[in-house]
Amino acid sequence: MRLLDKIDSPTDLKSLNESDLTVLAEELRQEMIDIISVNGGHLASNLGVVELTLALHRVFDTPTDKIIWDVGHQAYVHKILTGRKDAFKTIRQFHGLAGFPKREESEYDCFDTGHASTSISAALGFAKARDIKKENYHVVAVIGDGAMSGGMAYEAMNHAGNSDSNLIIVLNDNEMFISQNVGAMSSYLNKIRTDPSYDRRKKDVQKFIRNIPCIGSSMAKAAGRAKDGIKYFLVPGLLFEELGLTYLGPINGHDIAALEKVLHQAKQKKGPVLVHIKTCKGNGYEPAKQSPDIFHGVGPFSKETGEMVKKNAPPTYTEVFGRTICELAEEDNRIVAVTAAMGSGTGLNNFGQNYPERFFDVGIAEPHAVTFAAALALEGLKPVVSMYSTFYQRAYDQVLHDVCLQNAKVVFAVDRAGVVGEDGKTHHGIFDISFFRTIPNLTLMAPKDENELKHMIHTALTLDNPVAVRYPRSAGVGVKIDKEFETLPKGKAELLREGQDITLIGFGPVVNFCMEAAKQLESEGIQAGVINLRFINPIDREMVTAEVQKTGRLVTVEDHILAGGMGSAVLEVLEEEGIQGTAVERIGYDDYVEHGAIPLLHQDCGLTIEHIVSVSRELMKNRC
Ligand SMILES: Cc1ncc(C[n+]2csc(CCOP(=O)(O)OP(=O)(O)O)c2C)c(N)n1
Ligand SMILES: CC(=O)[C@@H](O)[C@H](O)COP(=O)(O)O
Ligand SMILES: [Mg+2]
């Protein structure tokens with residue numbers, strides 16, 4: 001029997017000795033490798049926090065004490081140790097455990113997460129609530145060095161550092177975001193990590209002060225004399241100290257005894273404390289340790305070799321975007337690419353390698369990425385911002401206020417639009433049509449296939465206004481990709497099929513579902529027309545009104561929430577054009593969508609050919 005089999009809650013951890021803990025850590029790693037190699041998931045980050053999670057659950061009294069996991073992709077060990085060991089085999093599967101902390105799943109998950117850099121704000125909120133209610137418990141935020149690059153983390157530290165509430169922030173520094181770490185904060189952490197010696201630090205600080213024009217040399221002398229100056233030379237993590245946090249560390253995050261010691265120390269401190277730990281992403285599994293980027297979020301793989309299970313599928317939309325942007329950049333040196341810590345996920349790796357001076361990975365800083373791009377555009381460059389739909393939610397004001405209001409010609413590549421599968425509710429890109437389409441000046445496009453994506457990216461760069469192009473996280477439909485670029489007429493839809501009985505309108509690859517449904521309906525004697533809408537804002541009023549007037553029946557299909565989506569946009573057109581009496585059915589989502597394989601989610605929400613057919617049949621009955 002494994003030791004792990006005897007652990008049903010964190011209480012069972014408290015009596016373990018050092019050698020038990022070493023065995024348990026190994027068993028936890030094996031359990032995760034066994035299951036993630038089948039289900040896929042965020043393996044490398046979880047392998048890196050095994051000892052930290054054990055130490056946290058031994059030192060703190062959860063669920064009374066609260067642990068808030070930033071992003072939450074590293075909470076698998078926490079889930080296993082908090083009563084979800086048997087369910088762990090279902091992680092990320094439809095109706096199974098979620099890949100991120102979920103309050104509805106366990107009392108040990110005190111805050112739902114998925115998006116980065118929220119943990120310190122949430123932790124401070126809990127701490128303040130505790131203080132106001134005169135309760136007594138500890139609050140711990142666990143944040144990675146990547147999540148620490150996000151603006152919210154600084155907003156929260158700015159607030160926390162000026163407050164006397166007890167709060168512990170564990171900074172899990174593994175020198176990796178999804179890809180290699182970026183930014184000045186990473187360089188600063190690296191300095192603390194690798195340069196703990198007093199002498200070197202002292203010289204660095206003195207040199208820095210001396211180099212301040214005019215007053216530098218006298219300041220250096222004064223700083224050396226002053227009591228506060230001594231702190232400058234002796235305290236690692238000075239930046240955090242200066243923000244009002246007590247800095248403890250750096251500590252080896254794979255040494256449970258050292259971790260427990262520093263966490264006990266942190267518990268005794270008053271006010272906000274930052275515990276800096278160093279870990280290795282992928283620790284304990286060589287393939288993940290060697291390639292933490294590949295094993296950040298993986299699909300099924302061979303646990304013996306670490307090789308990914310290969311799929312015979314057409315290129316993904318992401319891959320086609322990546323190739324297209326490189327082709328276009330070859331011809332036009334004004335094209336620059338901006339991403340927020342998602343270079344590999346959005347297919348920009350080759351662009352970054354080929355054009356390093358035109359590639360900007362700004363870290364987990366979506367609002368900054370967008371405003372930064374606005375200024376690049378105003379100076380005549382052609383910025384293409386490439387991020388996931390769900391993360392654009394962070395940058396809504398920047399899209400509206402900094403880009404569109406001044407008509408800056410930025411292209412937004414909106415990857416992972418539609419349901420994304422196993423990441424679930426926090427990551428589905430099902431709100432972007434609603435929030436982009438209401439913004440004046442912004443043209444929104446969605447391709448029906450990967451070839452059209454190529455033309456849309458090209459077209460977007462020819463337009464005189466900001467443009468967003470949304471496309472999903474999936475393989476393309478397998479069409480041939482044209483060599484030459486085609487400029488699509490702005491605001492014009494494509495009539496793929498004529499039909500007298502009913503009009504099906506799709507936006508994005510769901511157009512292919514509409515085409516299949518139309519074929520099936522034809523075999524039943526129903527003639528369905530199919531419109532590939534291509535553009536919203538401007539929408540093709542002429543085609544939409546002509547077709548709908550002809551058939552009097554309309555089905556809209558979108559991989560998006562219904563409220564404010566494409567179907568709503570079409571209904572607005574019908575209302576504005578005075579077209580009445582149309583029998584309408586809109587297919588899309590009406591709530592947050594669960595996690596699970598994309599086809600299962602589509603099935604569950606009625607985004608299928610069969611559902612389009614049955615809805616169309618019903619509409620045929622309802623109107624003569
Ligand atoms: C707002 C936001 N942007 C981007 C992401 C995608 N993302 C998830 S994890 C991650 C890297 C996190 O790095 P770090 O916090 O250091 O954790 P590690 O994976 O190294 O353990 C990124 C960019 C996200 N979840 N949220
Ligand atoms: C946790 C997180 O936000 C990312 O790691 C995300 O899961 C990546 O998703 P993709 O697998 O679609 O790149
Ligand atoms: Mg990291």
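Predicted model: local features only at pLDDT ≥ 70, side-chain atom pairs only at ≥ 80, totals over all residues.
## Sorting the residues

Ala, Val, Leu, Ile, Met, Phe, Trp, Tyr, Cys and Pro count as nonpolar here, Asp, Glu, Lys and Arg as charged, and the others, Gly among them, as polar. Keep that in mind for the two ligand shells below.

## Around ligand 2

Let's start with ligand 2. Its surroundings are made up of Val 71, His 73, Ile 178, His 296, Gly 297, Gly 345, Arg 416, Val 420, Asp 423 and Arg 473. Sort that shell by class and you get three nonpolar, four polar and three charged residues. Domain 1 (4–196 + 236–290) and domain 3 (317–470) each supply at least three residues to the shell around ligand 2.

## Around ligand 1

Ligand 1 has 22 residues around it, and the ones that come nearest are Ser 45, Ala 116, Gly 144, Gly 146 and Ala 147. Its shell has ten nonpolar, eight polar and four charged residues.

So where does ligand 1 sit? It lies between domain 1 (4–196 + 236–290) and domain 3 (317–470), because both give residues to its shell.

## A look at helix α21

Which residues of α21 are buried? They are Val 511, Phe 513, Cys 514, Ala 517, Ala 518 and Leu 521. These cover an arc of only 145° around the axis, so they're on the same side of α21. Among the elements covering them are β12 (494–497), β14 (528–532) and α25 (609–622).

After α21 comes Gly 525, with a positive phi near 85°.

Conventions
Residues numbered from 1 in each chain as written. Chains lettered and ligands numbered in written order. Near = placed C-beta within 6 Å. Domains from an automatic or database assignment. Buried ≥ 20, exposed ≤ 12 C-beta atoms within 10 Å, placed from the backbone. Helix = DSSP H or I, 4+ residues; strand = E, 2+ residues; numbered from the N terminus. Arc of directions from axis to C-beta. Contact = placed C-beta atoms within 7 Å.
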